[in-house]
Amino acid sequence: MLILNELEPIHWAWAGMGIAAITLLLQSLANTSLGISTSFENLCALISDSPYLNRGGLLAGAQWRFPFITGLLLAGVVSAVLGGGWQPTWDLGMFDTHIGGGPIVKVIWMFAGGILIGLGTRMAGGCTSGHGIFGMSNFEKSSLIATLSFMTAGLITTNVIYRVIAGGQP
């Protein structure tokens, strides 16, 4: 069951088929790849004159990336509404138990995590969705290396947090 509203989840295969369909459509119709981080770069280019954010290859896909990222946001809102709503909370479960702190501490942790994710995304030349879904489906060596790195870092981080910091089992 889903954590938030005790709703039965939709079978995972439906999401996989949807992602596969989007990947195939983007490749065959637009000759481009799916990646969330590039969509955020397009958003940043709206307010920045940085040559990095205004390069031709990035701007070429902006016409479909803006509706895509808007659709992701709207899908989350629709899902929350259909699922009975949502309520913002500062309760972070194990984080509160083992690290603690008020809202300011949590915002600092989240901000630092966001900076690290952004740095890793740029170092890898793309995000987990771009490499793990699209790059892997195209047998790109860089995506294989990036995906193995993401997965390894996630396994190590999870074990450090749950076994060392929290003193339990993941």
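Me: Which helix gives the most to the lining of the largest pocket?

Reply: This is a predicted model, in which local features need pLDDT of at least 70, side-chain atom pairs count only at pLDDT 80 or more, and totals for chains, interfaces and linings use all residues. Residues are numbered from 1 along each chain as its sequence is written, and side-chain values use heavy atoms, with hydrogens and water left out. Helices (DSSP runs of H or I, at least four residues) are numbered from the N terminus; α5 (94-98), α6 (103-124) and α8 (141-165) each supply at least two lining residues. With nine residues, the top contributor is α6.

Me: What is the volume of the largest pocket, and which residues are the closest to its centre?

Reply: On a 1 Å grid over the protein atoms alone, a pocket is an open set of points where a 1.4 Å probe fits, with protein on both sides within 12 Å along at least five of seven lines; lining residues have an atom within 4 Å of a point. The volume, the space filled by probe spheres set on the points, is about 910 Å³. Of the 25 lining residues, the closest to the centre are Gly 113, Leu 116, Ile 117, Thr 157 and Ile 161.

Me: How many helices and strands does the chain have?

Reply: Strands are DSSP runs of E, at least two residues. Read along the sequence, the pattern is α-α-α-α-α-α-α-α. The count is therefore eight helices and zero strands.

Me: Is Thr 147 buried or exposed?

Reply: Thr 147 is found in helix α8. Buried means under 20% relative accessible area and exposed over 50%, with a 1.4 Å probe and protein chains only. Thr 147 has 16% relative accessibility, so this residue counts as buried.

Me: Which residues is Thr 147 in contact with, leaving aside its neighbours within four places in sequence?

Reply: Contact means heavy atoms within 4.5 Å. With those neighbours set aside, the partners of Thr 147 are His 131, Gly 132 and Met 136.

Me: Is Asp 49 buried or exposed?

Reply: Asp 49 sits in the loop between α2 (36-45) and α3 (56-60). Its relative accessibility is 78%, so Asp 49 counts as exposed.

Me: What separates the C-alpha atoms of Asp 49 and Asp 91?

Reply: Along the chain, Asp 49 and Asp 91 are 42 residues apart.
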